[in-house]
Amino acid sequence: MIHLAHVTKTFGATRAVDDVSLEVRPGEIVGLVGENGAGKTTLMRIAAGEIAADAGTLEREGRAELVHQHFMLVDALTIAENLALTHRGFRFTTRRMIEREAQQIIDGSGIELRDAARRVAELSVGERSKLELIKAIARKPATLILDEPTSVLTPTESEELFRVMRRLSAEGTAVVFISHKLPEVLAVAERIVVMRGGRVVVESATSETNAQVLADAMVGSPVSRFPGIPVAGQLGNRATGQPGRGEITAIVGVAGNGQAELAARLRDELPDAGHIPEDRTRDGVIAEMTIAENLALKTKRWSPRDAARHAERMIALYSIRAEGPLQRAGDLSGGNQQKVVLARELEWIKSPSSALRAPSPRRRGEGLSTGTSRVPLSPRAGRGWREAPGEGLHLIAAEPARGLDIEATRFVHEQLRAAATAGASILLITSDLDEAFELADAIQVIYRGQLSEPMTPAEASQRVASLMAGVA
Amino acid sequence: MFDLLVNAIPLAVVASIPLLLAVEGELVVQRGGIINLGIEGMMLTAAMTAVVAAQATKSVIAGFAGGIAGAAAIAALFGLFAIVLRADQIVTGTAINLLAAGGTSFVYREVQMFTREIPPLRTDAVLPLAWIAVPIVLGVVLWNSSFGLRLRACGENPEALAATGRSVRTHRWAALMIEALLVGLAGAYLSLALSSGFAENMTAGRGFIALSIVIFGRWKLKGALLGTAIFGLAAAMQYALQAANRGIPFHLLLALPYVVTLLILCGVAGRVRAPQGLGVRQR
Amino acid sequence: MRRVLVAVIAAVAAVLLLAFSGALFGHSPIALLAILIRGSIGSRFALEGTLLKSVPLLLTGLSVVIAFRAGVWNIGGEGQFIVGALAALAAARFGVIASLAAAILAGAAWASIASLMRLWRNAPEVLTTILLNFTAIHLLGWCVNGPLRERAAQYPQTDLAAAALPVVGGVHAGTLIALAASVFAWWMLYRTVEGLRLRATGLNPNAARWAGIPVRSQIVRAMAISGGAAGLAGGIELLGVTHRLFERFAAGYGYSGIAVALLAQLHPLATIASAAFFGALVTGAGELQRTADISAGVATFGQAVVILVLIVFEHVRSSR
């Protein structure tokens, strides 16, 4: 049982949690939904006792275990060893002893995870998720809080998780299910709480509400689906899966199936293309450098004055919310950092100095146009890939709108579409199916490092779910 | 050449004792996720404090204790900066080495005890200790104990251990103190048993060679022993070649250990699987 | 402004700590401070000595600044200094310019051994550069005792170098070269795209890679420039001050460069002031040894204290 009353938490200038009161009763499954940054994780961290609230009261019976989105596992150790990390003091152990104890813990949790002697590094993302869950359940908490547990699970694995949640709830454990995926929450939760901007906006029994009401509450305005924009430019070669000039190919899949490796390989093999990395804070911008410096990283010549002027232009063009060109990139919000990366990469592929331009005589200043010759880039096909995207790619964007709010997402998608219309061939790597279907002219599924054949959106909509789950 | 090699073995085994102890100590610390570049300074300090203690008390046991105390003081300083203040480990280690280099010269000169005699070491226990007992004990502690498991987690993914409610800092401090014990022994043995007292910069890079051997041995005990054996043999060959007067210039022979170590580091080809959290500053 | 304050406090703290360490052993701290100051800046002779010592420190400091800015641990200034001097000696018969050029190339090559080992064999440069230091020291020992030994064969040293730096207004030309190098380093780091990329590589090599910067070759280039600076320091010390080589020629200039660079907060122009401070410290420590029989190692001790104090300040700043 957890009772939060008028809880507030502020981080710097942002009020992450604003006067929230919430009760979680024993044995019930509560769904906590909201967009990114709505305050769900922060609220639950307070409930679990990880961080302290600035105001309000917390009453809690028994322990609350919070299973994080990011794994807290040691890759080099085995499943059994990871489970043994909680032991106190100093005692002698043998491999067999640890594995036996681990098996007991796993059996007691009711979750299936075979062969505790395997290293965590060898486990699939779904199995790691299960291990985290087992760790939490083993502590026998009164309340179990799951933060976006299905973001890396296949549909089958998600079903398994829901069975476990129902069983735990039947045994008297309270379960809080944080998610932004409404269909799942509606399927398993008894009560749903919607947060937006740090406040609770809707609280209702599942039977008394529906998806549309909840979605509207999450976003704050009626949600509309973007119409698919018709394809412009010439289509690529279907058989080889090379995106044509002006075409966007999306590679979809559950996270952890080789997307990061593909993006990194393409980054190394195609140094002349633009790359938008998945993790914008770690790999996208250099936090200690200014916006102007970040934007100038790909230029041939540099003077501080020109760079500042260029940065000002980009800030205006891409609507980057910043104090000025000399602001530290690390101070920007995630969405604005992404805009900086976008500005840099998109301007690069448009610039005359980009090596992507064909060496044929062409007027200076002409961006990507419908020229006939295509400069072949590294044609080497990687191992294990069914078809190697590579030749002729101008931009590789990985999860470009992840974690961005609706406005920023819309902006990013518009920019990608515009670049494609102007003639760039773009590879989009994403786990967001909506994004893929909205933007792509061709879709391929990635599963365990292998790529499917390219499909049109129509073909893909039938097959994508099963392909992503590994079902042929 | 072969007979030279064989004759060099006993010398190698004894002369590499300080190096081996240092390798063993650094192995523990690096498994915990810390790079102690200051191990050179730690050994040098221990060498000095051991001699001062032995000269002052006329007891060699007190000398060894003094060496360990000196190493522990350096370890405390290093831990204060690297663990508590979360400073960059390389910069801290470099500073420690400079501190020890200047400090030992300064203190030893002030203390003015170099005229006093150093009591001799009358036991052979250190050799089996370094080559047999310590590896066995460390092996059990690191791989067959709950503490060792947690320490290795500190070296791979400290956040994971912290998430279970344990203190990463405490484990790293413990590792550092184990290293201080071993390196203290190493420094003391160097100045009390292998040499006849303290001399400026007498460690001559053994700490850095120890670091290289830890890497060569892929952070495992077997590799550490093997690496030290190879190196020790090469180093002992240096003396044998000198004695045999094979016409190789003296100074170039002095450079031999370092060149050999460079080659050892070359032998670690491709992807070296270091503990994932090694040297990463904790946020 | 705040960074200057931090540096000044660190420098003062080091000196005070030094003086009080002397107190632990019965010396009067005031007397020690007086000797330090007198020995470093208290007379024309002292000032000349300080200036002479500051020049190589400026260059080895720049060497470390460039390397650390690129995220590379070049602790090999000592060896690069020696190798630079050896090359300068060998090329001295072709004139000063050729001699210094040889020094730069030799230092760059010595440093490149380490950076290539990192590139091809993943060998950590923090260790390889240090090991190369020891190697260079013994290489020097072999040279001055063997093939390069002076004709008179009396001492382990070489003959006089065939060239020498001209003296300009009381100081040898190397001083001006070092100052020019400092300005050049600043210009390169902050006014060129190469410098921008170098700094980016040091700040966040992952993001640099994603931005299309060839990180691996960037590191090799940075190490080469860094080694070249240290080599130049050796060449200038030979042609301007000692005019011959002997054992212990490097005398810690390479390692001192680290403290110089850190006190200057890795800024090329601030390195000038930082080098002057440490030059004074070393010269003053020499006087301490002559007059008070205190080991000149206190200068090295002082460098370490400066670095540690700076670390404390950085911690206080970053935990705000």
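These legends describe close-up views of a predicted model. Local features need pLDDT of at least 70, side-chain atom pairs count only at pLDDT 80 or more, and totals for chains, interfaces and linings use all residues. Residues are numbered from 1 along each chain as its sequence is written, while chains are lettered from A and ligands numbered from 1 in the order in which they are written.

**View 1. Chain A in outline.** Chain A has 15 helices and 15 strands. Helices (H or I, at least four residues) and strands (E, at least two) are DSSP runs, numbered from the N terminus. Of its 472 residues, 45% count as buried. A residue is buried if 20 or more other C-beta atoms lie within 10 Å of its own, exposed if 12 or fewer, and partly exposed in between; C-beta atoms are placed from the backbone. Among contacts in chain A with a separation of 6 or more, 67% come from residues 24 or more positions apart. Two residues are in contact if their C-beta atoms, placed from the backbone, lie within 7 Å.

**View 2. The three-stranded sheet of chain A.** This open sheet has the strand order 2-1-4, with antiparallel pairing. Two strands pair if DSSP finds at least two bridges between them. Strand 2 (14-24) and strand 4 (55-60) of chain A stand at the edges with a single partner strand each, so one side of each has no neighbour in the sheet. Neighbouring strands of this sheet are turned by 20 degrees against each other on average, direction ignored. Axes are lines fitted to C-alpha atoms, for helices over the stretch in contact, and angles run from 0 to 180 degrees between N-to-C directions. Strand 1 (residues 2-11) and strand 2 of chain A are joined in the antiparallel sense by seven bridges. Leu4(A) has Leu22(A) in strand 2 of chain A as its bridge partner.

**View 3. A hairpin in chain A.** Strand 8 (residues 191-196) and strand 9 (residues 199-205) of chain A pair in the antiparallel sense over six bridges. Val193(A) stands opposite Glu203(A) of strand 9. Two residues lie between the strands of this hairpin, and Gly197(A) in the turn has a positive phi of about 60 degrees.

View 4. Six strands form an open sheet of mixed pairing, in the order 11-12-13-10-14-15. Strand 11 (274-276) and strand 15 (450-451) of chain A are the edge strands, each pairing on one side only. Strand 10 (residues 248-252) and strand 14 (residues 442-447) of chain A pair in the parallel sense over four bridges. Here Ile251(A) has Gln444(A) of strand 14 as its bridge partner. Helix 13 (residues 406-421) of chain A packs on the sheet and touches strand 10, strand 12 and strand 13, its direction making about 155 degrees with that of strand 13. Helix 8 (residues 259-269) of chain A lies across strand 11, strand 12 (395-398), strand 13 (426-430) and strand 14, running at about 155 degrees to strand 12.

**View 5. A positive phi at Glu399(A).** Glu399(A) is found in the loop between strand 12 and helix 13 of chain A. Its phi is near 45 degrees, a positive value in a residue other than glycine. Most residues other than glycine have a negative phi. Glu399(A) counts as buried because it has 23 C-beta neighbours inside 10 Å.

**View 6. Helix 7 against helix 9 in chain B.** Helix 7 (residues 146-156) and helix 9 (residues 168-194) of chain B pack at an angle of about 105 degrees, with their axes 10 Å apart. That makes helix 7 of chain B roughly perpendicular to helix 9 of chain B (65 to 115 degrees). Arg150(B), Leu151(B) and Cys154(B) of helix 7 meet Val168(B), His171(B), Arg172(B) and Ala175(B) of helix 9.

**View 7. Helix 10 of chain B, enclosed.** Eleven of the eleven residues of helix 10 (residues 206-216) of chain B are buried, so the helix is largely enclosed by the rest of the structure. Among them are Phe208(B), Leu211(B) and Phe216(B). The buried residues pack against helix 2 (17-31), helix 3 (39-57), helix 11 (221-244) and helix 12 (250-266) of chain B, together with helix 6 (125-145) of chain C. Arg218(B), with a positive phi near 50 degrees, follows helix 10 of chain B.

**View 8. Where chain B meets chain C.** The contact takes 37 residues from chain B and 36 residues from chain C. Helix 5 (89-111) of chain B gives the most to the side of chain B that touches chain C, with 14 residues.

Conventions:
Angles under 35 degrees count as roughly parallel, over 145 as roughly antiparallel, 65 to 115 as roughly perpendicular and the rest as oblique.
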